[in-house]
Every structure is written in structure tokens, then in C-alpha cells.
Amino acid sequence: MSFINYSSREINCKIVYYGPGLCGKTTNLQFIYRKTNPQARGKMISLATETDRTLFFDFLPLSLGDIRGFKTRFHLYTVPGQVFYDASRKLILKGVDGVVFVADSQMERMEANIESYENLRINLKEQGYDLDKLPLVLQWNKRDLPNVINTEELHKALNSRNVPAFEAVAPEGIGVFETLKAIAKLVLIELKRGTSG
Amino acid sequence: MLPNLVLYEEEYKLVTEVILRLVSEANAKVVFLVDKNGQLISSSGTTEGIDTTSLASLTAGNIAATGGLAKLIGEKEFTILFHEGEKDNIHISIIDHRVILVVIFDEKSSLGLVRLRVKKVGIELERIFKNINKKTKEASSGLGVDSPFAEITDDDIENLFS
Ligand SMILES: Nc1nc2c(ncn2[C@@H]2O[C@H](COP(=O)(O)OP(=O)(O)O)[C@@H](O)[C@H]2O)c(=O)[nH]1
Ligand SMILES: [Mg+2]
């Protein structure tokens, strides 16, 4: 649910990074934070446990520039990935405009990826969203590790919708901005469609 | 699922007037109005030195978490939250189930006074936001006001990233 302010001429959109625990959601935001011009970003907030696991959410506000005289702002959130934080994940999905699903490419995390994707579908449905219609981009992260599953398998398991998907190594920034750009585009296109009725 | 929140000049002015008045009537330091999704709508008072974007996001997270707690014990929502600090205090209330009113105050005011003024202003804000909701619905159903986004081209979007 975007917020359009005609008085300050701003559009605000909410993007949520979703995926199983330790797949690299927080790392995506950290890289974006590090590589963005300080004028274009606000503070990054991480509500984490003492061992750096996301407890509630990470939050990073970004300004992308102007469209037709409107400042476009994107609020990036991550969810806590561990299964028992489901109540928090539901809350963070409220008002979402677009989702980046980050999958962990390691063979042994395949089941966790699928479980998390199904969990995303259920939690969105509870809020009245349809995962098959919402702006969505996939990221195959951790491509640098030796035991990765090939991307065809990942597509087969997680991309029946055939949405844009990017290979990534989040700590090095590979694929990070490509992913962000793709979801921002889809959200803006949806905004355009939504308002032109 | 709520429709997009759209705020036009006219309502923005009304809202800002109301919270400006609240700052002085409640002897508050700052007053914020935040969308339930964590987006700042308007602020008034001495906002310098406060990271308003972070404040908005954390307030919404706070309301979302306590709302979750409320449901667990069979309540609909907690409409008022109060956090007491050594010097500054935060009073948070929900208006019309959709926006959050945040009042920050110190010893120059009191919880009693803030409560009283928030209650009064809450009624006014509720009326304004009911109106905004109506307008937003009309706009999203294609009636009403022109949208600047209907005209966006692929190039406009591409240019954002160049
Ligand atoms: N080798 C490798 N490690 C990664 C990659 N992305 C994230 N990590 C590491 O995986 C761990 C969990 O990442 P984090 O972003 O906290 O996961 P989150 O639970 O999804 O937020 C951290 O130690 C990261 O450094 C990647 O692409 N390759
Ligand atoms: Mg995390």
C-alpha cells in the first residue's frame, strides 16, 4: 500500500525481503546501505538479537529520485526468517507493495526455501494479497558456495510464475542492486496500472 | 487490505493545523502523525535532532506488535500506548484504526493533560481521515482526481536508475 502525498509531492512504497533464516536478507540491505549516497538514504535500523539474528525487522529508507516531479521513496524491510517468528512476519507484510524472495542456493536449504515460499503465500493471503499477483522478484543467493543447486532446479521449484530472478552473492553485492531495481520497477508499474484504473 | 493512502494539499493543511495546535495545547515537544505502515504523514514542534523516518517506522512496528498481543488475549487493539522515560515520554494513540498519533512531552506537561488534548484532537483527526479515505477510494476507482502516475512511461522509470 503506497502513500502518495500531493502536498510534499512524495510517493512512498514498501518493499519486503522475505526468505528462510540465514538466506542473506539482512546482508542485501547492508550492502545497499553501504553503497548508497548518504543523501539518498536514511538510517538503517536492525532490531536484532545479541547474536545478530533479525528479531523483528531491518528497515532501510531509500530515495530514488524524481518521477514527474514526485520524490520516490522506497522503504525496505526484512523479516525474521526463523520459523517461530511467524507472528512478526505477518505484521511486517502489512501494507506491502512488492516482495523480494531471497532463496538460499545451498542444496541442504532447498526444503527451507520451499517452506518459506509457501509461508509467504499463506501470510499474504491472510492480509488479502495474492502471491500470484503481487509484484515479486526472486534472488538466488549464495552462488559463491560449493554445494549450490543449479538455477534450473531453483526455477522449477520456486518460479512457476516466471518472474525476474537474479543470481547473487550478497556480501559482495553481486546481484543486489539488480534485484532492487527490478522490484522497484515492478512496484512503480503496478502503481501506474492501479491509478490508471 | 486497505487502499493506497493519498493525501492532497487541502487535507494535508488541515491535518498539519490540527497537530500544530496540539503541540501548543498539550505543551508537547513534538507531535507526529504516522501511517500504520510506518510512513510519516506530518510532524510539528521541535523535530530537529529527531530522525523522523526511523521514528515513524519504529512507531508502526510498536503498534503492530502490541496489536498482535491484543489479538492473542482477545482484544481488538490497544488504542493507547504510553512509554515513560527519565525526561521525555511518548504517548501513542490510534486514530480511526489507520493512523497513529505520537506525542512526545517532558515535565512541562503531564500525562493527564496530553490524554485530554489527544482525545479532543482525535475526534477532529478521525473526521479528516474518514474524508481522506473516501477521496482515496474515489480516486482509485478511477473517478475523482487525476493521477500523475497514469502518465508514467517506461523511460521515466528507467531514468530513476541511471
Ligand atoms: N558465502 C555467502 N555467505 C552469505 C551470502 N549472503 C549472506 N551470507 C552470510 O549468511 C549469513 C546470514 O546472512 P543474513 O543476511 O544475516 O541472513 P538473514 O537471516 O536472511 O537476514 C551471514 O553470515 C552472511 O554473511 C552469500 O551470498 N554467500
Ligand atoms: Mg536478518
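How many salt bridges are counted between chain B and chain A? The count in this predicted model is two, and the views below set this number in its surroundings.

**View 1. Salt bridges and polar contacts between chain B and chain A.** One salt bridge joins the side chains of Arg68(A) and Asp156(B), with an N to O distance of 2.9 Å. Five residue pairs, both members at pLDDT 80 or more, are in polar contact across the interface of chain B and chain A. On the side of chain B that touches chain A, two or more residues each come from β1 (5–7), α1 (9–25), β3 (40–45), α2 (52–72) and α4 (154–160) of chain B. The most, seven residues, are given by α2(B). By class, this side of chain B holds 20 nonpolar, 11 polar and eight charged residues.

**View 2. Extent of the interface between chain B and chain A.** Contact involves 39 residues of chain B and 43 residues of chain A. About 3,800 Å² is buried between the two chains, with 63% given by carbon and sulfur atoms. Asn37(B), Phe149(B) and Leu160(B) account for 19% of the area that chain B buries against chain A, more than any other three residues.

**View 3. Surroundings of ligand 1.** The ligand is surrounded by 14 residues, the closest being Leu22(A), Lys25(A), Thr26(A), Thr27(A) and Asp144(A). Helix α1 (residues 25–35) of chain A contributes the largest share of this shell, three residues. The shell comprises six nonpolar, five polar and three charged residues.

**View 4. Polar atoms beside ligand 1.** Oxygen atoms of ligand 1 lie 2.8 Å from a backbone N or O atom of Leu22(A), 3.0 Å from a polar side-chain atom of Asn141(A) and 3.1 Å from a backbone N or O atom of Lys142(A). Of the 580 Å² that ligand 1 exposes when taken alone, the protein buries 74%.

Note on methods: Residues are numbered from 1 along each chain as its sequence is written. Chains are lettered from A and ligands numbered from 1 in the order in which they are written. This is a predicted model: local features need pLDDT of at least 70, side-chain atom pairs count only at pLDDT 80 or more; totals for chains, interfaces and linings use all residues. Side-chain values use heavy atoms; hydrogens and water are left out. A residue is near a molecule or strand if one of its heavy atoms lies within 4 Å of it. A polar contact is a pair of N or O atoms within 3.5 Å; within protein, one must be able to donate a hydrogen and the other to accept it, and residues adjacent in sequence count only if both atoms are side-chain atoms. Accessible areas come from the Shrake-Rupley method with a 1.4 Å probe; for residues, only the protein chains shown count as cover. Helices (H or I, at least four residues) and strands (E, at least two) are DSSP runs, numbered from the N terminus. Ala, Val, Leu, Ile, Met, Phe, Trp, Tyr, Cys and Pro count as nonpolar, Asp, Glu, Lys and Arg as charged, and the others, Gly among them, as polar. Contact means heavy atoms within 4.5 Å. Buried area is the accessible area (1.4 Å probe) that two parts lose on being put together, summed over both. A salt bridge is a side-chain nitrogen of Lys or Arg within 4 Å of a carboxyl oxygen of Asp or Glu.
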